[in-house]
Amino acid sequence: MSKKKVLIITYYWPPAGGPGVQRWLKFVKYLPEYDIDPVVYCPENPNYPIMDGSLVNEIPNNIIILKQPINEPYGLASIFSKGSSKKISSGVIPKAKKQSFIEKAMLYVRGNFFIPDARKNWVKPSVKFLSDYIKEHQIETIITTGPPHSLHLIGLQLKASLGVKWFADFRDPWTTIGYHKDLKLTESSKAKHLSLEQKVLNTADQIIVTSNHTKNEFQTKTKQPITVITNGYDSHNVRVEGKDEKFTLSHIGSLLSERNPVVLWEALSELIKENKEFSEVFRLQLVGVVSNDVIESIHKNGLKNYVDVVGYVSHDDALKFQMKSQLLLLIEIDSEDTKAIIAGKVFEYLISETPILAMGPKDADVEKIITSTNTGTYFSYNQKAELKLQLLTYFEAFQNKTLKVNAIGLQPYSRRALTENLAKLIKSI
């Protein structure tokens, strides 16, 4: 029996770094096992804010990858401010009161002249190229994944002109995602975003989301079928000799300006002052892009001599940091809008054999995952006393060499199991 061909339209693809690229890289890796032949379409000359060449080695050898040029504004913007352009394109947006004139102008232009996003100019040439390819190769199913949500407009037009089956995959929400409020949108621009979102949600044959909160939100906006397929973890060959000798609390990934748990920095500062043994072995390790606002907040709370800002590392090195650390820190912005966000690194945290200390809004989807898998503890931003007590409990276990994880129920989050769910969905439509 011949395999079913599926065209996957994505912006992020190796050598892009970060969690966004890994979702479809892993789906592409495992789909052939379920009699589905993926064809990938991505930009030829993208402006990726984060690069990770190691991910190129994970691309299956026999996969067809189509590439077409993209015209992005970030190159022009970097003429005025290379640093600001790179930060904004990677999602690190300074607090409003600390934004320079250039940054404010860039956010205004990004929000109001590039709707839905800065990759909008890729829609028209992509539709033209893919229309011919789809007809020539008799492809019946396409999948668009966003953000950038402009890629869903490619699917919208291909659906209208060719009648293909269309799956719209939302790795993050569209108009309710946190940074949307920072784009200085006019009322007209807000209306355009909502209109485009409505068209996509009500035209796609199948909508895929990564969290139950996003599913609940979208169910108020469309009657089209919505399925939750989370991100997940994959097997790997990364090994470490053992855990750190220090009591390391490590955060892997970006720490944006609003992802700044001051209550945690205060609790750590108090423990350092109150507990001499704790102060002698504690290290806060930040691996990834970190906002200046977060660094300032950490220093303000007397932790300057206890923090190591490592910066961005390759995926393999990130796994090593996870496995060597004594505790893993998971931080989400304290907002109703972020209850739907399940960072891709969560699932790698789950299999790192390292306890997770998580903070975010109450009743978030990620809280349920951590609780149900017995992999860590979760706190809201107003639980300083409880947070401090848990840190001390973890530290005492570290001293007694009993700090460990007894995880349960992880298998449904494996990349292979998640791909099987996707394959069944593709074949059902």
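Mentor: Gladly! Let's begin with a definition: a residue is buried under 20% relative accessible area, exposed over 50%, and partly exposed in between. Keep in mind that this is a predicted model.

Trainee: Why is Asp-363 called partly exposed?

Mentor: Asp-363 has a relative accessibility of 42%. You will find Asp-363 in the loop between β12 and α14 (365-373). Asp-363 also has a positive phi of about 65 degrees, although it is not a glycine.

Trainee: How do you know whether His-149 is buried or exposed?

Mentor: Set the value against the cut-off. Buried means under 20%, and His-149 has a relative accessible area of 5%, so His-149 is buried. His-149 belongs to the loop between β4 (141-146) and α6 (150-162). Leaving out residues up to four places away in sequence, His-149 touches Pro-116, Asp-117, Phe-170, Asp-172, Pro-173 and Trp-174.

Trainee: And why does His-315 count as buried?

Mentor: His-315 has 9% relative accessibility, so it counts as buried. This histidine is part of helix α12 (residues 315-324).

Trainee: Let's turn to the sheets. What is the order of the 7 strands in the open sheet?

Mentor: The order is β3-β2-β1-β4-β5-β6-β7, and the pairing is parallel.

Trainee: What makes β3 and β7 edge strands?

Mentor: Count partners: β3 (64-68) and β7 (226-228) each have a single partner strand, so one side of each is left without a neighbour in the sheet. From one strand to the next, the twist averages 20 degrees.

Trainee: How do you know that β6 and β7 pair?

Mentor: Pairing needs at least two bridges. Strand β6 (residues 206-209) is joined to β7 by 3 bridges, so the pair meets the requirement of at least two. Ile-207 stands opposite Ile-226 in β7, and Ile-208 has Thr-227 as its bridge partner there. On the β5 side, 4 bridges link β5 and β6 in the parallel sense, with Ala-168 opposite Ile-207.

Trainee: Which way do the residues of β6 point?

Mentor: Gln-206 and Ile-208 point one way, Ile-207 and Val-209 the other, and all are buried. In a regular strand, side chains alternate between the two faces of the sheet.

Trainee: What is the order of strands in the open sheet of 6 strands?

Mentor: That order is β10-β9-β8-β11-β12-β13, with parallel pairing. Here β10 (307-309) and β13 each have a single partner strand, so one side of each lacks a neighbour in the sheet. β12 and β13 run parallel and are joined by 4 bridges, with Ile-356 standing opposite Gly-376.

Trainee: How does the length of helix α15 (residues 384-399) compare with what is expected?

Mentor: Helix α15 has 16 residues and reaches 23 Å from first C-alpha to last, close to the 22 Å expected at 1.5 Å a residue. Its buried residues are Leu-387, Lys-388, Gln-390, Leu-391, Tyr-394, Phe-395, Ala-397 and Phe-398. Among the elements covering them are β8 (247-252), α9 (262-274) and β11 (327-331).

Trainee: One last topic: how many cavities of 30 Å³ or more does a search of the whole structure find?

Mentor: The search finds 1 cavity. The largest cavity has a volume of about 60 Å³. Its lining includes Leu-330, Ile-331, Glu-332 and Met-359.

Trainee: What makes it a cavity and not a pocket?

Mentor: In a cavity, a 1.4 Å probe fits but cannot get out, whereas a pocket is open.

Definitions and conventions. Residues numbered from 1 in each chain as written. Predicted model: local features only at pLDDT ≥ 70, side-chain atom pairs only at ≥ 80, totals over all residues. Heavy atoms only, no water. Helix = DSSP H or I, 4+ residues; strand = E, 2+ residues; numbered from the N terminus. Axes fitted to C-alpha atoms, helices over the stretch in contact; angles between N-to-C directions. Expected span 1.5 Å × (residues − 1). Buried < 20%, exposed > 50% of the residue type's maximum accessible area, 1.4 Å probe, protein only. Contact = heavy atoms within 4.5 Å. 1 Å grid on protein atoms, 1.4 Å probe; cavity = no way out; pocket = protein on both sides within 12 Å on 5 of 7 lines; lining within 4 Å. Points joined across faces, edges and corners; volume = space filled by probe spheres on them.
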